[in-house]
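Dear colleague,

I am handing over a structure that is new to you, and I would be glad if you could look through it alongside the notes that follow.

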Amino acid sequence: MKKYIKHIARTMIMGLVLVSGWSCADFLEETDKSNFTLENYFTRPEHATSVVNTIYAGLPPIMASGFGGGPWMMLEFATGLADTELGQAQNSLFVRSLINNSDNGYGQTYWTTYYRGIQNANLAIEKIPDIQMDQAAKNRLLGEARFLRAYYYYHLVRIFGEIPLITGVIDLASPEMYPSPSPVESVYDLIVEDLTSAETSGLPFREGTGRVSMGAVKSMLSSVYLTMAGYPLQKGSQYYQLSAAKAKEVIDSGQFSLFPRYTDLNTVSLKNQGEFIFMIQYAAFIQPNTVQQAILPYNRGISQYNAETGGIFANADFVRSFETGDKRTEEKQFFFTEYTLRADRSQVLQLGDYYIWKHFDEEAQLVTTSSGMNWPVYRYAEVLLTYAEALNEANGPSQAAYDAVNLIRRRAELPDLEGLSQDQLRQAIWKERWHELCYENKTWFDMVRLRKAMNVFTGDFEDYVGHQFSYGPTVTSRELLFPIPTAEVRNNTNLRQNPGY
């Protein structure tokens, strides 16, 4: 963290200039550019917008993918439900084999990138209130900043456990230069505080540009309450009720609905629409989505991309765990097992495994080799499943819980659930989460908050610690968290490495 902080002020100021969207004329109107400082920069409304834009800049780096794999894959390989053909991606292989260590570059990327986002959020929250500008616009920008700070902390606390809780701007003279970790509950308290503050900021309930909306705030808050109800805080029924209430606000808004077809999920023209509540934004030829190379079979010659990395694909035993007749397992719904050859599109190649179709940008793969497909962070399907689970946990089976989960099942062309005990409905909802939200960086978080994992052969849920992946490794208690990166522990002696690493 020391190395990061030494460069943070320069990084922030340069970032403000680079992402502000000013024209050349606007830029030239400013005087004495060589003397930009944190003290004299924040004087105009566009400065407020530019600093909030830098917070968004922390979202895409986690999804960067190539021949070294990608940081986002860390959360997928930790489930035991993903496979790879990319032998040089050692970070992926270590996580998948449950022999991970603190030198893993994926974890370092999460830590550095998200703390940079937090620092920029702290800067926005501190400086924007003093800028003379339209009050409604100011409130919305502060709401976005608080949502994004909460988003980064929500990921960091679930991935690493006790972490430094930094809420002010840090420089080399700050007493927080070497921060101590805070209790997990304190981190969650800040997350809830930020999100409830964002709820009062006047954000639109739906936002088609990709910026934070009220729907995103309430969707994330329902997820946070659901997690707080489970492990490690175990706050129980009251928090399940809070989770259900926030999810219901999203449902009752009428702003979101499930797409009628699964293929709408990877239709680029529908990004930020339909069931998409909040997404990581990409633009072809400007800031393209590089996940496309990762989800291709390794060097099979089916794509216009030269980098067919085979970075990640679905565990076949997991795909077979879907119910018979589940539409999600049909070809080119959630997965694909065949594709035409680049050299001759009349020839179809059988791929031999289940590759991930739900993130597949066919235009980019066939023509442009530059994808503008967004990455889904929160979509309406998750809100429905959160609502169903939280209601069932708080009050037992109810028609409202059945209605929510059955909307998911009807799209999958599966029969409605009915007449189940609380435990039977609980496990049915869990299974729908595993299947519907697969390969969207959700399942590992569910495993840890529930302390449960699905046995892909029986469909039953068993204890996460002691759960054996279908290909051999067995989960131990250390896999409830990822290791704090080596460089952070070395640079800050106040940090404590997580048990087992």
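Helices (H or I, at least four residues) and strands (E, at least two) are DSSP runs, numbered from the N terminus. By that reading, Pro232 has its place in the loop between helix H9 (214-229) and H10, and the peptide bond that leads from Tyr231 to Pro232 is cis, with omega near 5°. Please keep in mind that this is a predicted model, in which local features need pLDDT of at least 70 and side-chain atom pairs count only at pLDDT 80 or more, while totals for chains, interfaces and linings use all residues. Residues are numbered from 1 along each chain as its sequence is written, and side-chain values use heavy atoms, with hydrogens and water left out.

As for the whole chain, it has 18 helices and 10 strands. Its radius of gyration is 23 Å, close to the 23 Å that the globule rule gives for 501 residues, so the chain is as compact as a globular protein of that length; the radius is taken over C-alpha atoms, and the rule is 2.2 Å times the number of residues to the power 0.38. Taken along the principal axes, the C-alpha atoms fill a box of roughly 65 × 60 × 45 Å. Of the 501 residues, 57% count as buried, where buried means under 20% relative accessible area, exposed over 50%, and partly exposed in between (1.4 Å probe, protein chains only). Among contacts (heavy atoms within 4.5 Å) with a separation of 6 or more, 66% come from residues 24 or more positions apart.

Phi of Gln234 is near 55°, a positive value in a residue other than glycine, and Gln234 counts as partly exposed because its relative accessibility is 48%. Thr369, in the loop between helix H13 (362-368) and strand S8 (375-379), likewise has a positive phi, near 50°, in a residue other than glycine, and at 34% relative accessibility Thr369 counts as partly exposed.

Helix H14 (residues 380-395) has 16 residues and reaches 22 Å from its first C-alpha to its last, close to the 22 Å expected at 1.5 Å a residue, the expected span being 1.5 Å times one less than the number of residues. H14 is mostly covered, with 15 of its 16 residues buried, and after H14 comes Gly396, whose phi is positive, near 85°. Helix H16 (residues 422-436), with 15 residues, reaches 21 Å between its first and last C-alpha, close to the 21 Å expected, and its buried residues include Leu425, Ile429, Trp430 and Trp434.

Glu436, which lies in H16, is buried, with a relative accessible area of 0%. Leaving aside neighbours within four places in sequence, Glu436 is in contact with residues including Tyr262, Arg328, Lys358, Arg379 and Arg411. The C-alpha atoms of Glu436 and Arg409, 27 residues apart along the chain, are separated by 9.3 Å.

Finally, which residues are in contact with Leu258, leaving aside its neighbours within four places in sequence? They are Glu275, Tyr380, Ala381, Leu384, Leu407, Ile408 and Arg411. Leu258 itself is found in the loop between helix H10 (237-253) and strand S4 (276-280), and its C-alpha atom is separated by 24 Å from that of Gln292, 34 residues apart along the chain.

With kind regards
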